[in-house]
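Me: I would like to work through this structure feature by feature. Please give the general idea each time, then the case at hand.

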Amino acid sequence: MKITRRQGMFAAGALFLLGALAFFFRPDPVQAELARVPSGPLQVTVDEDGRTRIKERYVVSAPLSGQLRRIELHPGDPVIAGQTVIATIEPVAPELLDARTRAAREARVRAAEAQVQLAGPRVERMRATRELADAELTRALTLSEQKAISRQELDRAREAARAAAEDLRAADYSRQIAGFELEQARAALSRSTANPGEGEHAWELSLTAPIDGRVLRVFREDAGVVVSATPLVEVGDPAALEAEIDVLSTDAARIKPGARVVFEHWGGGKPLEGRVRIVEPAGFLKISALGVEEQRVNIIADFTAPPEQRSALGDAYRVEARIVVWEAENVLKVPVGALFRSDGRWTVFAHRDGRARLTPVDVGQSNGRETELLGGLALGDEVIVHPSDKVQTAWRSRCGSCVERRRRRWIGAK
C-alpha cells in the first residue's frame, strides 16, 4: 500500500502529539529516604526514671526518756554492729510504772524474744536455699558447656542463685535487728525499778549500732532531754542498694520478676545491670508534669553489678532505667517510619527497580524505633522511610502507572 505524502505528514504529527502527551503525563521522580531491611538484635524496653534506696535501714530511737548526750557521729561514718556506740542516755531517776505499763514492757520483751527465735530458723532456711541454688547453678554451667541446656535456662539458674544470696543477706539483717530490739526492750524494762545499791552510772543506756554499715542521717545531734521513741540516728548499708521505678500500670502488666534492667545516666561511665525483683501488686495515682492523672506501679529492682562499679551511688540517687520486656538476638527489622496502615494491614513502600511497590507485611514486637518483621520482605530489601503523599504505587504497565500516578496527584491536589 502506497502512503501519500499527506498521510505521512499526518502520521508524523500524530506520533509527535503522542510523544508530547507522554512527556507531559510522565511521572516526576520523588525524592525519598531509603533504608535496607537488616537482621540483628532487637530489644523492647520500658524506659522510666527511678531512684535508689538502701534495702535494710534502721532508725535508732530512744527506748525511754532521759538526758541525751551529744551525738558525735555524722552522715557517712562507718558503724559496726554491737560495737559502735550511737547514743548515750545519761542517768535519770527511774520511771515509776503502773501495772499496765510494766505489763506492756514485759510483753514487748517477750515479742522481741519471739522475733529472735523466728529469725534463726529463717536464716538457716535461706542458707539451705542458697546452697541448693549454688549447686543448681554449678550443674547448669556444666550442662551449658556441653550444650545440653539453653542459655535461657542458664540465666534462670544464675538469677535463682543471686536471689537466694540476697534473701540470705536480708534474713541475716533481720536477725541482727531482732537482737538489737530485744536488747532495747530489756534495757527499758530493767530501768523501770530503782536499785539503791547500784552506782552513779547504773542508769546509763548506751545504744550500739544494730547492723554493719554507715550513718545515713542524724535526727538529733545536740544534747538534751528526750522522750521515749524519739528518732536519733538512721543507719544502713550503702552497698545493699535497690532501685524503685514507677511505671504506668499498662507497662507494669508486661514486666515480670527477673526481667533485665539497664541503668543509664546515673553519673558513672558505664551502664549498670540489674534484675526486677518485685512488681508491686497495688498501684497509685500520680499527677504528671502536664497535669494528667496516671495510674502508676512501683517496680523494685536489684543491682547485679559489683558494688565497686557503683560505689559512687548512694541513697535516693536518680537513675534512668530501661526494663527489658522482650529481646531477641537475630530478627529481621524494619524502621517504624516505613510502616503505615492500608486496608487494615501494616504496609510499606518497597523500592524495586526505581519504583515504589505497595507491600503488605506482618510485624511483631516494636520498641518505637524498629519493628520485628515476620513476613512480606526479605533481608536486604529496601523500603521508603517516612513516605509523603506524593509517593504512589506503580502499576504493571509503565504507561498506565504514569497516567494513574498523574491522575492521583491531580485528584489529591489542593
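Reply: Start with the pocket. A pocket is an open set of grid points with protein on both sides within 12 Å along at least five of seven lines. Keep in mind that this is a predicted model.

Me: What is the volume of the largest pocket here?
Reply: The volume of the largest pocket is about 960 Å³.

Me: How many residues line the largest pocket, and which lie nearest its centre?
Reply: The lining of the largest pocket has 26 residues. Nearest the centre are Asp155, Gly258, Arg260, Arg275 and Glu327. Two or more lining residues come from each of β2 (39–54), α3 (151–190) and β16 (318–335). Helix α3 gives the largest share, 8 residues.

Me: How does the lining of the largest pocket divide into nonpolar, polar and charged residues?
Reply: The lining holds 12 charged, 10 nonpolar and 4 polar residues.

Me: Next, salt bridges. What is the general idea, and which cut-off is used?
Reply: Side chains of opposite charge can pair when their charged atoms come close. The cut-off is a side-chain nitrogen of Lys or Arg within 4 Å of a carboxyl oxygen of Asp or Glu. By this rule there are 32 salt bridges in the model.

Me: Which residue meets Arg57 in a salt bridge, and where in the chain are the two?
Reply: The partner of Arg57 is Glu234, at 3.0 Å from N to O. Arg57 is in strand β3 (residues 57–61) and Glu234 in strand β10 (residues 231–236), so the pair links distant parts of the chain, 177 residues apart.

Me: Arg275 came up at the pocket. Which residue forms a salt bridge with Arg275?
Reply: Glu159 does, with the closest N and O atoms 3.8 Å apart. Glu159 counts as buried at 16% relative accessibility, while Arg275 counts as partly exposed at 22%.

Me: What does the salt bridge between Asp302 and Arg277 tie together?
Reply: The two side chains meet at 2.3 Å, N to O. Asp302 lies in strand β15 (residues 293–303) and Arg277 in strand β13, so parts 25 residues apart in sequence are tied together. Asp302 is buried at 1% relative accessibility, and Arg277 is partly exposed at 31%. Through shared partners, salt bridges join Arg51, Arg53, Lys55, Glu159, Arg162, Glu242, Glu244, Arg275, Arg277 and Asp302 into one network.

Me: Now the surface. Which residues make the nonpolar surface patch of about 420 Å²?
Reply: That patch is made by Leu15, Leu17, Leu18 and Leu21. Leu15 is located in helix α1 (residues 5–25). The relative accessibility of Leu15 is 62%, so this residue counts as exposed.

Me: Last, sequence separation against distance in space. How far apart are Arg352 and Asp381?
Reply: In sequence Arg352 and Asp381 are 29 residues apart, and in space 8.4 Å, C-alpha to C-alpha. Arg352 is in strand β18 (residues 345–352) and counts as partly exposed at 36% relative accessibility.

How values were computed:
Residues numbered from 1 in each chain as written. Predicted model: local features only at pLDDT ≥ 70, side-chain atom pairs only at ≥ 80, totals over all residues. Heavy atoms only, no water. Patch = residues over 30% accessible without salt bridge, like charges linked within 9 Å, V, L, I, M, F, W, Y side chains within 5 Å. Areas by Shrake-Rupley, 256 points an atom, 1.4 Å probe, with all protein chains shown as cover. Helix = DSSP H or I, 4+ residues; strand = E, 2+ residues; numbered from the N terminus. Buried < 20%, exposed > 50% of the residue type's maximum accessible area, 1.4 Å probe, protein only. 1 Å grid on protein atoms, 1.4 Å probe; cavity = no way out; pocket = protein on both sides within 12 Å on 5 of 7 lines; lining within 4 Å. Points joined across faces, edges and corners; volume = space filled by probe spheres on them. Nonpolar A, V, L, I, M, F, W, Y, C, P; charged D, E, K, R; others polar.
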